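Hi,

Here is the structure I promised to pass on. Please open it and keep it in view while you read my notes below.

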Amino acid sequence: MKTFAHPDHAGHHPAFFLQRGRVRANFEIPARAAALEAALHRIGLAPSTPEAVPLAAMQSVHSADYLAFLAEAARDWSLLADPGPEVVANMHPSPEMLAQGAACGDSIIARAGWYMADTACPIGPGTWAAIQGAAACALAAAREAAAGRSAYALCRPPGHHAYAARAGGHCYVNNAALAAQALVDAGAKRVAVLDIDSHHGNGTQGIFWERGDVLTISIHADPDRYYPWFVGRTRERGAGAGDGRNMNMPLAFGTGDEGWLDAIRYAMAAIRDHKTEALVVPLGFDASEHEPLAALKVTADGFARAGAMIGGLKLPTAITQEGGYNVDVIGDLLAGFLQAWGDAA
């Protein structure tokens, strides 16, 4: 299996994070990628640096105006009077404003509120380069999958909370959606996304909501108690051509290995029924029992078993890295997942 990583991830070092009314250190730090990359070297899967990603490729799932905001935000923010070190929105258009024809002006403060869903996606001087590097990794993995193989993309920042025109939850460009769209563009008529991060893949759901060619499945902790709070429930099934092509599997807090793996088995049956030709797996380790929030309490053995199960589908697959914030364990979890995948595939 080929793996991909990009050195520009290290330039994105968000500091601001708001949790339960307190400003605290951000979980999404460069050490995450360093731990994961070290694990790849340990198991003999040293990553390659992918070629630069063309803007047109990101426009396959994101609007041009949104990408322009991401590219320009840090510069424009620095021109404000007495700015903070990062772009952080302090107001967002409410549903009432949107219903009455709300529009976004040119001010960087207005654009930040318009294009950011929450305060968990600060933008600093190195963020845009890191975003492009992560997208390049996802597209490189998709090219491998399009050629009938499987590959792992060490994407940082992660992506599955990013909508077509909105950042959120540490995510800016939706790497998994980019990979899925690239597989469609390469000729796959039926693509599936199996998201096993502990948070709902709300951005991916939103991007493919009305698409019949991409099946989106998310296995995650109950959104009544967990980010992203407002979506991720079983009743959300898609619309139009996508009706029935979105599957959410919210799990109770503390579910553990067996319940989590049962959900993956159920998802695999849906993937087979979809007659899937190529797969994207947004892989998050925040389901781990050792995570700061530890919502699902999955063990290292659980992750290895998941790798063996999904690898056993023997589908061409692009694996894109999502969450996982305990830098002391995520490298070992990745190693176990990929080694089990390789043994099964």
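**Strand 6 and its neighbours**

Strand 6 and strand 7 (residues 246-251) run parallel and are joined by 6 bridges. Across this pairing, histidine 220 stands opposite proline 250 in strand 7. Keep in mind that this is a predicted model.

Now look at the pairing with strand 5, which covers residues 191-195. Strands 5 and 6 pair in the parallel sense too, over 5 bridges. Here leucine 194 faces isoleucine 217 of strand 6.

What lies between strand 5 and strand 6 in the β-α-β unit? It is helix 8, residues 202-207. The unit is right-handed.

Is strand 6 mostly covered or mostly open? Mostly covered: 8 of its 8 residues, 214-221, are buried. Buried means under 20% relative accessible area. In a regular strand, side chains alternate between the two faces of the sheet.

**The whole protein**

Step back now. The protein has 11 helices and 9 strands. Of its 345 residues, 56% count as buried. Its C-alpha trace spans about 55 × 45 × 40 Å along the principal axes.

Why call the overall size that of a compact globule? A compact globule of 345 residues would have a radius of gyration near 20 Å, and the protein has 19 Å, so the two agree.

The accessible surface is about 13,600 Å², with 54% of it belonging to carbon and sulfur atoms.

Best wishes

Terms used. Residues are numbered from 1 along each chain as its sequence is written. This is a predicted model: local features need pLDDT of at least 70, side-chain atom pairs count only at pLDDT 80 or more; totals for chains, interfaces and linings use all residues. Side-chain values use heavy atoms; hydrogens and water are left out. Buried means under 20% relative accessible area, exposed over 50%, partly exposed in between (1.4 Å probe, protein chains only). Helices (H or I, at least four residues) and strands (E, at least two) are DSSP runs, numbered from the N terminus. Two strands pair if DSSP finds at least two bridges between them. A crossover is right-handed if, with the strands pointing away from the viewer, the path from the first strand over the helix to the second runs clockwise. The radius of gyration is taken over C-alpha atoms; the globule rule is 2.2 Å times the number of residues to the power 0.38. Accessible areas come from the Shrake-Rupley method with a 1.4 Å probe; for residues, only the protein chains shown count as cover.
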